[in-house]
Structure formats: C-alpha cells, structure tokens
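Please read this briefing alongside the sequence and the coordinates. The points are grouped by topic.

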Amino acid sequence: MKSKLEQIRAKVLSQITDCDTTDRLNEIRVSILGKKGELTDLLKSMKDVQPEERPKVGQMVNEARTEIEKLLEERKAKLEKALREARMKAEVIDVTLPADRRELGHRHPDSIALEEVERIFVGMGYEVVEGPEVERDYYNFEALNIPADHPAKDEQDTFYITGDILLRTQTSGVQVHEMEKGKLPIRMIAPGRVFRSDEVDATHSPCFHQIEGLVIDRHITFADLKGTLAEFARALFGEETKVKFRPHHFPFTEPSAEMDVTCFKCGGKGCRFCKGSGWIEILGCGMVHPHVLEMSGIDPEEYTGFAFGVGLERIALLKYEIDDMRLLYENDIRFLRQF
Ligand SMILES: [Zn+2]
C-alpha cells in the first residue's frame, strides 16, 4: 500500500512538471483525484489494510492528496501566467504600421432627394417640422377624419403598441400637431418615417418615408394648391414639367386629387419609363376638410388650407431611375456611390 502510494505520487509529480496546458492539467487531476481516480481507488482499498495501520495509511494518503493539489494549483497559476504573457506579446500594437483605411460612407438617395425637396419648399417660405413616429390613434386617424370604423384604416394596417398607440402610417398626423399649436398661418412640410405592415417587395416596405405639406391661411384656394405644386414639380423635375390633377378621395381633404407630372424621360410623348402614358403619378393632395380644421380648433369659416403628401422613396426612385425600392434599404455602398 505504502509503495503503491509512493508510486502514484512520483508518477503524478513528473506528469505535473511535464504538463504544458491547463486542459492536460485538468485531465491529470481527474485521473488521480477524480471519482475514479487512482488515489480515490487507493482509499477504497483501505479495507484490506490492518485496522491498526489504517490511521497511519489514511494520513499518508491525505498528505499525498494535499501535496498533489498544491502542485496542481501552482502549475495552473504558472501556465495561466505564461498564457497571459504570450497573449500580451501577440497583441502588442505596432504604431509604425500604416493605419486601416477608413471607408467613407455616401449620402443616401433618400437624403439627397429630401434635401432637394426641403430646399424647394423652404425657398417658398415653408418651415420644416417633425412629429412623433410613435403616435396616438387620434392623431394618425381620428383627427384626420378617419373614425374607428372607416375603411381607410384597413388600407393602412400598421404596428400597434397598444390599442391606442401605434407606429404612424402617414406623416399627416403632424398636420394636426401643428394646427393644435394654434399659431396661424401655417406653411410647413413634415418629412419622416412611416410604417405599414406590408410585405417587402420591389415597391413596398414596412417602413418608408413621406413628406407631408400643409398650408393654412385666410383665402387659400385650390388655385394656390395647384400653383404651389406645379412650381414644386418644375423645380424638382425641370422647367418643362407639366402637371395634371385627377379627382381622388382622401378622408381629410375635400376636394382631393392626385397629381401627375409629365414624364421627364420622354417629355410626355410616352415611353417605357412612363408605361406609354406620358404621365407619372407623384403625389396626393387636396383642400383641408372643414371638419379636420374644426377638430383642431381652427374656424373653417375664417381659414382654409391645402395639404399634400408625397412618398420620398417615390421621388428618389423616379429621379434616379431606380427600379427596385429594396435597393434603397440595403445600404450597399457600391449602390449608394452612384448618386
Ligand atoms: Zn415617358
């Protein structure tokens, strides 16, 4: 028994000294001190030892165990220190090496188009305002003449935070916020992100951008709307651009219209780009519904106004002749550099 113990002890000591990884060290520990380890086995065979010898043998085994444990710990500490030092050495920074080239980004076509639209309207005396992307149902629908049971609500299915709080489906709610401030006249555009629970395809995305416009003052008529938007179209697509208005329906304007511009590729003769019609649909607009004015505390007998909404992506896609909306969201620098 005693010689067996001595044998194990000698073997382990040399194993520990030769060991050069912490994993191997752990294997040694298990093979000696583990449940089925050699030293544990030895303790189990104590029953073969003479009863009077047992305390002495027991003590020897315990001493050996303590010694082995101590050596294991020391070796482990040493190995870890060496590992740390090697890592420090490997990670040393050579300040004389040339730096990584920093890739510069590129302005997004959406941003370029937005800046242009803002420049045009600011030039006409408009203010650029912002509104919340997380909105109350009231501002997104109710105050825009879209009550709870209105079918227009179905077309704009969105992401609800609670029954009353949602991700806005349109920037039109900013109109209401501005009107509620009670500062008249109003001449504003409100660009921003909007959300719909749409599947992603070449013309749809669950998140896109709109630019809302609102003008409220005394004696504002449909002629002001037409003149303003025609000027906008000329500034954006070129002096030769003509516009036409088709009657349409929006709950918050009356009368309402959609505005087309002459195709800037063919000048209105008809081409592949405008699908042969010579016209391209560009935005929705109309005179602010008296009920909408009233709900926001503006007297429709004294004040009138017009509003319009245009998709920012629509402008960017048209202007830069991009045929797939998804390209705008991938932010591939090779794509963005083209604009
Ligand atoms: Zn055309």
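Predicted model: local features only at pLDDT ≥ 70, side-chain atom pairs only at ≥ 80, totals over all residues.

Residues are numbered from 1 along each chain as its sequence is written. The protein is divided into domain 1 (2-90) and domain 2 (109-336), with bounds that come from an automatic or database domain assignment.

**Domains and annotation**

- The C-alpha centres of domain 1 and domain 2 are 78 Å apart.
- UniProt, in an unreviewed entry, lists residues 117-338 for "domain: Aminoacyl-transfer RNA synthetases class-II family profile"; UniProt positions are given here in the numbering of this model, feature names are shortened, and annotations may be inferred rather than shown by experiment.
- The span 117-338 is 27% helix and 29% strand, and its end C-alpha atoms lie 20 Å apart; helices (H or I, at least four residues) and strands (E, at least two) are DSSP runs, numbered from the N terminus.

**Helix packing with H4**

- Helix H1 (residues 2-18) and helix H4 (residues 54-90) have axes that come within 11 Å and cross at roughly 0 degrees, where axes are lines fitted to C-alpha atoms, for helices over the stretch in contact, and angles run from 0 to 180 degrees between N-to-C directions.
- H1 and H4 are therefore roughly parallel to each other, on a scale where angles under 35 degrees count as roughly parallel, over 145 as roughly antiparallel, 65 to 115 as roughly perpendicular and the rest as oblique.
- On the H1 side the contact is made by Lys-2, Leu-5, Arg-9, Val-12, Leu-13 and Ile-16, and on the H4 side by Met-60, Val-61, Ala-64, Ile-68, Leu-71, Leu-72 and Arg-75; two residues are in contact if their C-beta atoms, placed from the backbone, lie within 7 Å.
- The contact of H1 with H4 has 10 nonpolar, no polar and 3 charged residues, where Ala, Val, Leu, Ile, Met, Phe, Trp, Tyr, Cys and Pro count as nonpolar, Asp, Glu, Lys and Arg as charged, and the others, Gly among them, as polar.
- Helix H2 (residues 22-33) packs with H4 at an angle of about 170 degrees, the axes being 10 Å apart, and H2 is thus roughly antiparallel to H4.
- Thr-22, Leu-25, Arg-29, Ile-32 and Leu-33 of H2 meet Arg-65, Ile-68, Leu-72, Arg-75, Lys-76, Leu-79 and Glu-80 of H4, and the residues of this contact divide into 6 nonpolar, 1 polar and 5 charged.

**Backbone geometry**

- Most residues other than glycine have a negative phi, and most peptide bonds are trans.
- Leu-184 and Pro-185 are joined by a cis peptide bond with omega about -5 degrees, and Pro-185 lies in the loop between helix H8 (173-180) and strand S4 (186-195).
- The peptide bond from Glu-254 to Pro-255 is also cis, with omega near -5 degrees, and Pro-255 lies in strand S7 (residues 253-262).
- His-219, in the loop between strand S5 (207-217) and helix H9 (222-237), has a positive phi near 65 degrees; His-219 counts as exposed because it has 8 C-beta neighbours inside 10 Å, and the cut-offs are 20 or more other C-beta atoms within 10 Å for buried, 12 or fewer for exposed, and in between for partly exposed, with C-beta atoms placed from the backbone.
- Asn-331, in the loop between helix H12 (327-330) and helix H13 (333-336), has a positive phi near 55 degrees and is exposed, with 11 other C-beta atoms within 10 Å.

**The annotated position Glu-254**

- UniProt, in an unreviewed entry, places the feature "binding site" at Glu-254, a residue of strand S7.
- Glu-254 is partly exposed, with 15 other C-beta atoms within 10 Å, and, leaving aside its neighbours within four places in sequence, Glu-254 is in contact with Gly-286, Met-287 and His-289.

**Buried elements**

- Helix H8 is largely enclosed by the rest of the structure, because 6 of its 8 residues are buried, namely Gly-173, Val-174, Gln-175, Val-176, Glu-178 and Met-179.
- These buried residues of H8 pack against strand S2 (134-136), helix H6 (137-140), S4, S5 and strand S9 (304-311), and just after H8, Gly-182 takes a positive phi of about 75 degrees.
- Leu-318, in helix H11 (residues 312-319), counts as buried with 21 C-beta neighbours inside 10 Å; Leu-318 and Phe-273 are 45 residues apart in sequence and 9.3 Å apart in space, C-alpha to C-alpha.
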